[in-house]
Amino acid sequence: MQYGMIIDIDKCVGCHACTIACKAEWEVPAEFGRNWVYRLGPANTSAGMSYTYYPGLCNHCDEPPCVDVCPADTVNMTMKDAKTGKTVTMEVAATWKDPFNGTVQIDKERCIGCGACRDACPYGARYINEDLADDESDGKADKCTYCMPRVAEGLTPSCVQTCLAGARIFGDLDDPESEVSQYVKKGAVALTSPAVQIGSNGRYYSSKKADMELLMQSAPQEMPEASLRRIMLAKMSQPALKQIKEMGLIGLAGGLFVKSLKQDKE
């Protein structure tokens, strides 16, 4: 199974109900968004004038770079297929790709807030929620999760339920009979470029060539790289900070170390 989402931009009216519903469902800070709606145009294309919208969110990619760069300590996690009951135990960091439904998830308890995953995403789909700062971090990474707790209860993601125009369609891309698969057969495509080929499972459809041409201009043109220094500092900071706390010595050395990590995040 691979969950995915289709955005039918022929139907999108740019009302932002999806973004508001997501913020309400997941208590997303006002300055961030798990999803977004950008207005595009009016602009000329090879097929004529276009004016449309770019609704975006995490694409739960086949090869998510955010997973590879996460420096959090790994743990063994046992995951269960809701349909078959089959289980798989995997070694995962604070972010991982679910082997049964294909979604990319975050364990906020173990996230160290370094921002490496945010920097690695070519779609800009992640952010650091500083409201979730704790003794171990200055915040936690967050993004769209396809509302897995809702889906587990037989519901659709909140943005899909709220879209009165029916522009968002959610389902299993591996099921040839699903509505999302039918859209792919009609021509729904991912926002990709020659440099960004990571198996995006968010797809876009329009019957209007001009609108699709304008939308495709929003596709990322390069793969960003997370700061190696940031990853190394984040990795090093965990045992160092733990030792400092145990000793009860937030001294000059510890303070400078933490300051260096914070400055690198900015």
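This is a predicted model: local features need pLDDT of at least 70, side-chain atom pairs count only at pLDDT 80 or more; totals for chains, interfaces and linings use all residues.
User: Which residue forms a salt bridge with E25, and how far apart are the closest N and O atoms?

Analyst: R150 is the partner of E25, with the closest N and O atoms 3.6 Å apart. The pair links distant parts of the chain. E25 sits in helix 1 (residues 17-26) and R150 in helix 4 (residues 148-152), 125 residues apart.

User: Are E25 and R150 buried or partly exposed?

Analyst: E25 is partly exposed, at 34% relative accessible area. R150 has 12% relative accessibility, so R150 counts as buried, the cut-off being under 20%.

User: Where do D142 and R34 lie in the chain?

Analyst: D142 is in strand 9 (residues 140-142). R34 is in the loop between helix 1 and strand 2 (35-45). They are 108 residues apart, yet they form a salt bridge with the closest N and O atoms at 2.9 Å.

User: Is D142 buried or exposed, and what about R34?

Analyst: D142 is buried, with a relative accessible area of 3%. R34 is buried too, at 5% relative accessibility.

User: What is the N to O distance between K140 and D134?

Analyst: Their side chains meet in a salt bridge at 3.1 Å. K140 is buried, at 3% relative accessible area, whereas D134 is partly exposed, at 34%.

User: Which residues do salt bridges with shared partners join into one network?

Analyst: R34, K108 and D142 are joined in that network.

Technical notes. Residues are numbered from 1 along each chain as its sequence is written. Side-chain values use heavy atoms; hydrogens and water are left out. A salt bridge is a side-chain nitrogen of Lys or Arg within 4 Å of a carboxyl oxygen of Asp or Glu. Helices (H or I, at least four residues) and strands (E, at least two) are DSSP runs, numbered from the N terminus. Buried means under 20% relative accessible area, exposed over 50%, partly exposed in between (1.4 Å probe, protein chains only).
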